[in-house]
Amino acid sequence: MEIDSDTASESTLRREVCCLIDGQIGEDIKSLSKAEELLNGALEERNILEKQLTAVSTETPTRIQGALQEAQQATWKIETLTSSHKQSRRAINSHLNRAELIVDELDKKTEEVQELERCMEYMKWLALVEDLSSEIQGSLLVNSAPFKLFHSSEVQKGISAGAMPSAVTHFAKLTQVIEVLHGSSCTNLVSFVTSTVLFWYKILKEKLASEFEEVLAALNWPFVSSAVPMPPPPAQQAELKERVEILFGQLVKLQLPDSLASEDTSTQEYNHLPGSRPLLLPLYLLLKPLHKRFRYHFHGKKQTNGLDKPEWYLTQVLNWIRDHSDFLENIFQPILDAEHLGHINAKVEFTRGLLNIVASKLQRDIPELLYDEHLLSHTIDEHLMFDRELRNNYNYPQNQPGCLYVLTGKECFERWLVVEKKFAVEKIDSLLGLPTAWLPQYRDLEETDDLKVPECVESFMTLMLVITERYKVLPSPTHHLRFLELQLYLLDDFRVRLLQVMKLELNDPLAGRHSAILNGVNYIMDILKEWSEQVFFLQLQFYSKEQETMESFNSALETLTSNQDVSKMSQVLGETQMDVLEATVFDDILHLYGLLRDDMTATLLRTVINDIKSRGRPYRKDKWFSMPSAKDYITPALSASLCELLQLLKERLLQLRSQLCPSVFNTLWKGIAHDLNKFIYEEVILASQFNEGGAAQLQFDMIRGIFPQFGDFTQRPDNFFKEVKESCILLNLKTGSAILLRELLYQTLHAKQSIDQHSKDPAPQVALKDIGVYRLSPKVAEIILNLRTDWPK
């Protein structure tokens, strides 16, 4: 087998050599000289291969031996490192065992140190409080007084006025301490600091308040208009103002932190307004004499304390704000700015304090007012006007709370809605019962009164506007939406009443009352469309849809079963948000009023057209096929049978124009023109045959009779009679042109071609447009041409 394989390899090699020689030399005998070059090249290549083989056979054992040595060295290093690792691990474990006891002892020592540090911090806070308290005590020169005698007369006698600024400054630092410690877990420390702050607050407040009130009394505070005493001399007045400024600044610094504001029970009577911060101490003292006067006059059994006269105490409060505004802005506001309290407006805070007094008074009166709807309504009106005047004329900010929140309490607000609805319905009844209810509101100014709005409708929309202005100032959108529901109810109720009155006028729609109702409906729709674009009602639409969306979302969450339901809910929410952007709060009621307007307009149109048709019967029966030619007349004249129709048409248009507002009348006269065009086209033209004279007479009647009736309303009345106008053109077309046009139409419409082919043929349309026929189709134009009787035989 080996001999056979060697023989095969030799034969293969021989073939490859032969192929190589054949490829280099070929069949050309002259190329045999290349055989020697091939042999030399093959010998050189063999020598190179032998050298490389010798080099490989000598270098390979050397490289393998080097690799084995490196592997042995690496193995020795690994064994060395493993041994070192074991020794280190044993040493570490031994060290940890010895150090474990030391660590436990060190943890105990660390805890002790931390406890001592906490005690030191605790003692530092105590020392700081004691130091500040001692500073205050030292400033007040009461070192020898016992702790429990700080409120005694001896203590008050020992207090030096000159030492008060220092005491107030240290008290302010003490309040900073309580603010820092607020929320701390060291309850005893917080309690101690709190009691210390309140202790010194009472002493300093008692001293400063008494001095402040004395200086205010010397300045004739409060500035009331009745029985004003003589002012002090200018020099003394300047000194008093300087003194009051100093005391005001000290009282500002004496202010308790918000966390302790509830501890001062004397200022709690000024916390009736929701969302308001505690009143500044000096402003409380400024309001104290005014509050006393208010309680004297408007509480108890005084004659000035009448439920039927809320305007008395509201006017008094406005007068107090007016009388004290300059003093607050010129004297006290600069002090607040100097104390870095510029964000607090002295006049606004003073007004807020007075509003707390008013709110307290109103809360006391509400339980009695709920039993008398007239008193409740009057009180609500007065407070709404008071709030409006306060914000518009006295610059009370819109973001500050007012007294109206008292009226939005659940019981009071529900009663308010009931009273508002009752009075509104009674007002509507009285409006519709007036003898002048359906006369125009501005009938004395007919030249300028284009809308022709009935008196009852104008008064009703004024009522709607008043209701809007009343609830617009309420603080919550929820209350706005409740009143909006009331408005929509009243609008629908008024619509039903208009519908009932309108049905009584169906026997004679052309009477003035029917038109007055139509004008009123159109006016209400115009007003509601304007309101729909106002920001206030757009916001109400947003709040309403948001509320509905949240309710549906919450109900859907209860029945949620899968991720697919979640995706559906997200899609519904997205669609709802788009609906919010497109809809308005008055869409539904506008739709109902629109149906009423359309129905009433259709009734008027139907009545007028029926009258016109009844007067147009003689005109329909004219013998259009046998009328004399226009050449037989000296001057053309209108058909006698058309005159009665024209007279009625003119009377009806003038009557409707005088009764209806322009927008409704424009719709109506266009409808009349449309139906009249249809009547003449279908019942006169298509139902008759026309000779040359009849066609000319018809065209003359239209151009000189029918079209001019609408000339006062449009410059091109013939545009509203397209079918009639174009029919007249075809009927009066010269005979030759008419024959050619009829042949073209006949060939196009009756040739043996497919419908698609002759529908695409532009020739008939082009021919019709050339003579001024645009509306009529070629087929209808052929029918009109066939109505002519003047075709040559």
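**Entry 1: Glutamate 420**

I looked up glutamate 420 and its neighbours: leaving out residues up to four places away in sequence, glutamate 420 touches Ile467, Arg470, Phe483 and Leu486. A contact here means heavy atoms within 4.5 Å. Glutamate 420 lies in helix α12; helices (H or I, at least four residues) and strands (E, at least two) are DSSP runs, numbered from the N terminus. Is glutamate 420 buried or exposed? Glutamate 420 counts as buried, at 10% relative accessibility. I noted the cut-offs: buried is under 20% relative accessible area, exposed is over 50%, and partly exposed is in between (1.4 Å probe, protein chains only).

A reminder on what I am viewing: this is a predicted model, in which local features need pLDDT of at least 70, side-chain atom pairs count only at pLDDT 80 or more, and totals for chains, interfaces and linings use all residues. Residues are numbered from 1 along each chain as its sequence is written, and side-chain values use heavy atoms, with hydrogens and water left out.

**Entry 2: Valine 453**

Next I went to the loop between α12 (410–433) and α13 (455–471), where valine 453 is found. Valine 453 is buried, with a relative accessible area of 4%. Which residues does valine 453 touch, not counting residues up to four places away in sequence? They are Leu439, Pro440, Gln441, Glu458 and Tyr523. I also checked isoleucine 517: it is 64 residues from valine 453 in sequence, and the two are 8.5 Å apart in space, C-alpha to C-alpha.

**Entry 3: Helix α26**

I then turned to α26 (residues 763–770), whose buried residues are Pro764, Ala767 and Leu768. They lie on the same side of α26 because they cover an arc of only 100 degrees around the axis; the arc is that of the directions from the helix axis to the C-beta atoms. A handy rule for my notes: an α-helix has 3.6 residues a turn, so residues three or four places apart point the same way. What covers the buried residues of α26? The cover includes α23 (722–731), α24 (735–750) and α27 (778–785). Just after α26, I found glycine 772 with a positive phi of about 95 degrees.

**Entry 4: Two pockets**

A pocket is an open set of points on a 1 Å grid over the protein atoms alone, where a 1.4 Å probe fits, with protein on both sides within 12 Å along at least five of seven lines; lining residues have an atom within 4 Å of a point.

The largest pocket holds about 500 Å³ of space. Its lining has 18 residues, and Glu179, Val252, Gln255, Leu256 and Leu341 lie nearest its centre. The elements giving two or more residues to this lining are α4 (164–181) and α6 (234–253), and the largest share, four residues, comes from α4.

The second largest pocket holds about 430 Å³. Of its 19 lining residues, Leu484, Leu488, Ser544, Glu548 and Val585 lie nearest the centre. For this second pocket, α14 (477–504), α16 (535–558) and α18 (587–615) each supply at least two lining residues.

**Entry 5: The whole chain**

Last, I stepped back. The chain has 27 helices and zero strands. Buried residues make up 40% of its 793 residues. Among contacts between residues at least 6 apart in sequence, 76% join residues at least 24 apart.

Methods: Grid points are joined across faces, edges and corners, and a volume is the space filled by probe spheres set on the points.
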